Amino acid sequence: MQKNEVILEAFDYSQDHFRQIDFSSIDKLHALKNPSTTSWINIDGLQDKELLRCIYELFELHPLLLEEIQDVSQRPKFEEFDEYIYITVKMLSCDPVTDKILTEHLSIVVGKYYLITFQEGLAGDVFNPIRERMSRPKSKLRMNGTDYLTYAILDVIIDNYISIIERFGERIELVERKFRGNQTDNILDDIYEYKMEINFLRKTIRPVRELAVLLEKSESEIIDDKTVPYLKSLVDHMAHATEAIETYQIMLNDQLYIYQTRISNKLNDILRVLTVFSVVFIPLTFIAGVYGTNFDYLPELHFKYSYGIFWGILIVTAASMLYYFRRKGWL
Amino acid sequence: MQKNEVILEAFDYSQDHFRQIDFSSIDKLHALKNPSTTSWINIDGLQDKELLRCIYELFELHPLLLEEIQDVSQRPKFEEFDEYIYITVKMLSCDPVTDKILTEHLSIVVGKYYLITFQEGLAGDVFNPIRERMSRPKSKLRMNGTDYLTYAILDVIIDNYISIIERFGERIELVERKFRGNQTDNILDDIYEYKMEINFLRKTIRPVRELAVLLEKSESEIIDDKTVPYLKSLVDHMAHATEAIETYQIMLNDQLYIYQTRISNKLNDILRVLTVFSVVFIPLTFIAGVYGTNFDYLPELHFKYSYGIFWGILIVTAASMLYYFRRKGWL
Amino acid sequence: MQKNEVILEAFDYSQDHFRQIDFSSIDKLHALKNPSTTSWINIDGLQDKELLRCIYELFELHPLLLEEIQDVSQRPKFEEFDEYIYITVKMLSCDPVTDKILTEHLSIVVGKYYLITFQEGLAGDVFNPIRERMSRPKSKLRMNGTDYLTYAILDVIIDNYISIIERFGERIELVERKFRGNQTDNILDDIYEYKMEINFLRKTIRPVRELAVLLEKSESEIIDDKTVPYLKSLVDHMAHATEAIETYQIMLNDQLYIYQTRISNKLNDILRVLTVFSVVFIPLTFIAGVYGTNFDYLPELHFKYSYGIFWGILIVTAASMLYYFRRKGWL
Amino acid sequence: MQKNEVILEAFDYSQDHFRQIDFSSIDKLHALKNPSTTSWINIDGLQDKELLRCIYELFELHPLLLEEIQDVSQRPKFEEFDEYIYITVKMLSCDPVTDKILTEHLSIVVGKYYLITFQEGLAGDVFNPIRERMSRPKSKLRMNGTDYLTYAILDVIIDNYISIIERFGERIELVERKFRGNQTDNILDDIYEYKMEINFLRKTIRPVRELAVLLEKSESEIIDDKTVPYLKSLVDHMAHATEAIETYQIMLNDQLYIYQTRISNKLNDILRVLTVFSVVFIPLTFIAGVYGTNFDYLPELHFKYSYGIFWGILIVTAASMLYYFRRKGWL
Amino acid sequence: MQKNEVILEAFDYSQDHFRQIDFSSIDKLHALKNPSTTSWINIDGLQDKELLRCIYELFELHPLLLEEIQDVSQRPKFEEFDEYIYITVKMLSCDPVTDKILTEHLSIVVGKYYLITFQEGLAGDVFNPIRERMSRPKSKLRMNGTDYLTYAILDVIIDNYISIIERFGERIELVERKFRGNQTDNILDDIYEYKMEINFLRKTIRPVRELAVLLEKSESEIIDDKTVPYLKSLVDHMAHATEAIETYQIMLNDQLYIYQTRISNKLNDILRVLTVFSVVFIPLTFIAGVYGTNFDYLPELHFKYSYGIFWGILIVTAASMLYYFRRKGWL
């Protein structure tokens, strides 16, 4: 559900200058193109087509971008244009109440002196740590340009990925503990849910690894050599994230497979009990049935020790059955 | 079933000129080779060998192409010749009535000033949006040449791929909802059908990704630098499409595996009920059988409290069985 | 089983000249080294060591080749020497009677003006269409040299691959139709046989893709630029073939997996019937057993309405069991 | 659990000089920057932020490193800076008491004349063999610089990896021996535990292979050409390690799959016994039941040979059942 | 078990000279460094450390090699040094008595005029064909240098790989024949053993493919251009070997999977028989039980045709059950 209001905010800063601009009208944006300071324009909500068109014209964006920024189903990607870099990613966050993963589409246009972020406007952003650091005069953000700001934004987003992925470690242990405690009730539903979730994460996060590599290897003049080690660390984090997803996928598969084998084992237990009981008693019941018949001439019925012998036969039969099962290792 | 009639249409346009040509005779095609305007010749149906040969001679195509255009079993591919580019893809559309996927083979020959599309002529094309945009004077199609038209055609085709792939999202949710509602009736048939369909999509669509990459990287002079960002967006869409197919394949496999495990679980439930009931009653029936025998000397039958004791034994036996099963966790 | 006779044939042709040479003695081969015409020497059967040695000396082949040509267990490969190219493939054909796949090893030595094919001599070759086209004066074969002849030979072989692979489409539909018709009798044997066959095809055909790529990329002066588009089409056909094999492998795996799940479903059906029946009747039989005992003091036997009440108890017991199963969804 | 005390040690050596420095204060570290000798500073424990900051300033490390050294969740990586190389790995060792794998995070900064190791300070290190060799005057360590020391440290770590991986060979044989001895009790738990452990090893060790390759290919001037063959042997060891992990993963999967099939086989055995017994006795019990009825007019009861014939029918019935099962191969 | 004696042999040869040297003392080795002849020194057994050290010094080997030659757990590898090439492989042979695979570690040092082989000394070598060919004056071995000798040694080793791998073809057919003959007894043990064996082969042989490629691509001056086609054929053989291993792995997996499905099918058969029998007889036995009760007022017992009607009810009940199962397709 899209919120009604588009939220706009802009920050203009340099090493010894910081200003938050409240722009009700677009006109103020002109000032932000000034190359002496770095500007961050953050637009939260894509429903105001007029606003997007103004920005498109002001910053002379490629016509393709105007369309792409509004298409929130896009896959993460990185594209270099002459004057700016275009980046698309998904921001993930974890709803503290429902424990569901919230997704928010984000497009970033990085120019030499300005950076514009376009949020889908659904789930809120993860930028608070950046706003906070930006206001501190000695922070690295203030010392550096839009390339470092790009790093900072992606770093926050990737940190959220990793914290979401790492919940799977706990979940897999939870399933393991249920295994140990012989609670098999909802394990299958749990595993299914986790598998679907990790498939979703894999699809969402994997292309970001590629994106990070392209960003690090980019020879765009927007990116200063000093920033490259930071971008390299993004690549490393993404490698960590995708490897963790892969490992958790393998672990969930293993757990499911082990679970299925446990069920088969349990089935064997159940049927061993049934078989042992049935096989021991079936002949006994038959023998009793024979001496319950009403034939006129049934000599065994009339001997004095018949009933004792009858019990003897029953016990011997049962005992030999039990001995047979013991030797088979079923008892 | 091939339609009888071959449908021909041609469009001739430039920035300030647009003409649809109804060509009953081939002669009019000569005029379309004129370099001052861009021409699109669309041939729907491959059964008129004579027509194909005329076009082959008029546009001086490679002899190999004459064969290949008529072979509708070909896999999507991209090939550069000196004077033109040759592209083959499958158009997919979804029959609105039967919900089946319709396939239509398409070959495209892209010259500097002309573009020829050869359709198999089975299922109809997906080009209506292009025809419509072409007739609007200020559209980008009119501003650009055959390279942009190629982009527009492939874009429409790939959009159809993506909308067909995205139906799988809903289908997987449908299966999931059936899981939840414990309707397991047709799940297996559904999963099987979806798996076969997605295998078909994978086979049909995957080579198009390669094709899009080759097209974007092509250094043919037919492709203007301005068009390259558009071709890049095709590559991105194909990456999105193939990743989605891969993810849905994994999800269907997971669902099938989970479904199988659910069946095993159900089997265990069924057999637990059978086992508990059988094992509780089998000894009781045996004991009753023993006292149904007709031995002359069966002392227990004649004591006054025998019948009461008999019930006592039955109840104790049943209770101890039930206690045993409760401890095993089967109740 | 090797045929006894080695079959030799040779064709000598140029644009306006065609001659089939019946060579009983090796001497005539000298004439074929003549650079003004193209010669194709076809040897069907490898048992005549003396003949092989003569050819080896006449055409100055590498000593390694003499060994390799006689080793029919080799994997498909492509190797460039200074004066000639060496190619090894398997020819596959489908025995029309037994529907079995026949394999025939083939080595090809391609010089600038001669081409020699060495067949294993087991199953016959697939070259008839080439012989026929060669005899037609205006055919492309006659217009071109050994490079085009190489293409023609490989094209015929690869066409046979594709027609053999495409049988799997029908087979998979056959299994599907058996599924639908609930005939599960031989499905497992069918799937097993198809799997083994497709494994064999994959092993035999996959290296040929590599071979085709190497041939197309070869910078040997034997291969004329005009022939390259034809070799490219071989690469495309091999890509088609290997992708089809891969898809059919996935489909067979899916079918096997679905089949196994169907069996589990059937097992559940069988055991549900057994369980419902057993559980309904087991207590009834027990109750009847109780009143079949011969205790002297068994008061219920003597009341007037006992038998009616007895039936009432039986019916109530059975009905409550059935109600229980209905609620569990087993009926 | 982090130990309270940070342990510091430093070694200063050259070909004919060796000194262990006990540095309570940071000041002594200044002396170690001296290019005429090689220095190894080992810091065991990361909790003393002040110490880390001093080292960071003294050796002029990149600000990113200060953060990364303290982040023990990092994935193994290799990064080249202008003046030094930064390496991160996990040290694994096997707790001799509990047989658990202990993990210790390690960061290494390699300068031209100094090498600093930062240990997490949890599980102890594996460096004793290095300390010992360093004190021997003619050892290769003493003859070479920091590049050889880096090799020596990584070599010790990788040797520990390999000895931990090789325990899996014994474990798989153990499972195999349990298979042979028909002990199936804890096999499933064992396999599950081994699978989880090998997943952990794979995740931890695989990136080190990449790291080793990057180190060997590095063109940093810190690494002398003489050391390259040693670094190559690290790459080989890591290839060995990752291949062994892969093989053991496949073997564990195979064992699990075989185990599951064995369970199914056992289930068949159990149910064959149940079926044969039930099917043989069910009709017998029914026949006995018929002649246990109390109908007034039941003529068979009154013939003299009825009881003998009755037994005859029972025996024939049972025998024909057994014959039927024998022919089906169930006996 | 290591043999006690180290076996030494050396061969010195050129085109027209061949001498086998029996060297009890190391001194004679000096003569073998003579560049006018090619020398092969073969050391079978690594326990004589003194000998190894002498060779190490005489041929000026890298210190790393001294260690590596003695480490028989190493993975196959190829390494180029300035003056020689170092190769490590495993020799496999098949014990003719036990049909077990024997492994023997082999290190090869190839100089320009000498080649040294270091065998582990466990299982014997596979070099007899080489010794034999070397003694023949016109053999290619005698015409060529150490590069060809290297090829000859590796060729013999790889031929042994392939003959060991090809046994799997027969084994898989054996399993198949057991399938056909319905002998399912030891299939599982067979498949397990073959799977473990093929895993071992894959681990041992796969790195040799890499090694062969590196050897072929090597630009070492030890390797003459004339030898390259021979080394290329080694690469092809290794490609053949690894592909065959892969195919057999897939085939064994397929067989195991099919086997498991066959077991499930058999289980269904068993339980169908049980269910049909139980369900048909359970109501009959119940009805007989009802008329076996001893109620005083049980009117049906006293009618004249009761017993006939009783049988009629039994038969109708049984028949309707059987009809029900027939319609379900279980009979």
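User: What counts as a polar contact here, and how many residue pairs are in polar contact between chain C and chain E?
Analyst: A polar contact is a pair of N or O atoms within 3.5 Å, where, within protein, one atom must be able to donate a hydrogen and the other to accept it. The model is a predicted one, and side-chain atom pairs count only at pLDDT 80 or more. Between chain C and chain E, with both residues at pLDDT 80 or more, the count of residue pairs in polar contact is 18.

User: Which element gives the largest share of the side of chain C that touches chain E?
Analyst: The elements of chain C that give two or more residues to this side are α2 (63-70), β4 (77-80), α6 (187-217), α7 (228-290) and α8 (306-328). By class, the side of chain C that touches chain E has 27 nonpolar, twelve polar and 14 charged residues. The largest share, 19 residues, is given by α7(C).

User: How much area do chain C and chain E bury between them?
Analyst: The size of an interface is often given as the accessible area lost when the parts come together. Here 53 residues of chain C are in contact with 55 residues of chain E, and within chain C the residues that lose the most area to chain E are C:R75, C:Y192 and C:Y307, together 15% of what that side buries. Of the area buried between the two chains, 65% is on carbon and sulfur atoms, and the area itself is about 5,000 Å².

User: With which residue does C:R75 form a salt bridge?
Analyst: Across the interface of chain C and chain E, the rule finds eight salt bridges. For the one formed by C:R75, the closest N and O atoms are 3.9 Å apart, which is inside the cut-off of 4 Å for a side-chain nitrogen of Lys or Arg and a carboxyl oxygen of Asp or Glu. The partner of C:R75 is E:D236.

User: What rotation axis relates chain A and chain B?
Analyst: Two copies of a chain are related by a rotation about an axis and a shift along it. Chain B can be laid on chain A with an RMSD of 0.1 Å by a turn of 72° and a shift of 0.1 Å along the axis. The two copies are therefore related as by an axis that is five-fold.

User: Which C-alpha of chain C is nearest the axis that relates chain C to chain E?
Analyst: Chain C can be laid on chain E with an RMSD of 0.1 Å by a turn of 72° and a shift of 0.0 Å along the axis. In chain C, the C-alpha nearest that axis lies 4.7 Å from it and belongs to C:G292.

User: Which residues does D:R262 touch, leaving out those up to four places away in sequence?
Analyst: D:R262 is found in helix α8 (residues 228-290) of chain D. Its C-alpha atom is separated by 9.3 Å from that of D:F179, which is 83 residues apart from D:R262 along the chain. Not counting residues up to four places away in sequence, D:R262 touches D:F179, E:L188 and E:D189.

User: Is D:S220 buried or exposed?
Analyst: D:S220 has its place in the loop between α7 (187-217) and α8 of chain D, where a polar atom of its side chain lies 3.1 Å from the backbone nitrogen of D:I222. Leaving aside neighbours within four places in sequence, D:S220 is in contact with D:E80 and D:I85. Its relative accessible area is 12%, and since the cut-off is under 20%, D:S220 is buried.

Notes: Residues numbered from 1 in each chain as written. Chains lettered and ligands numbered in written order. Predicted model: local features only at pLDDT ≥ 70, side-chain atom pairs only at ≥ 80, totals over all residues. Heavy atoms only, no water. Least-squares fit on C-alpha atoms with pLDDT ≥ 70 in both. Helix = DSSP H or I, 4+ residues; strand = E, 2+ residues; numbered from the N terminus. Contact = heavy atoms within 4.5 Å. Buried area = accessible area lost by both parts, 1.4 Å probe. Nonpolar A, V, L, I, M, F, W, Y, C, P; charged D, E, K, R; others polar. Buried < 20%, exposed > 50% of the residue type's maximum accessible area, 1.4 Å probe, protein only.
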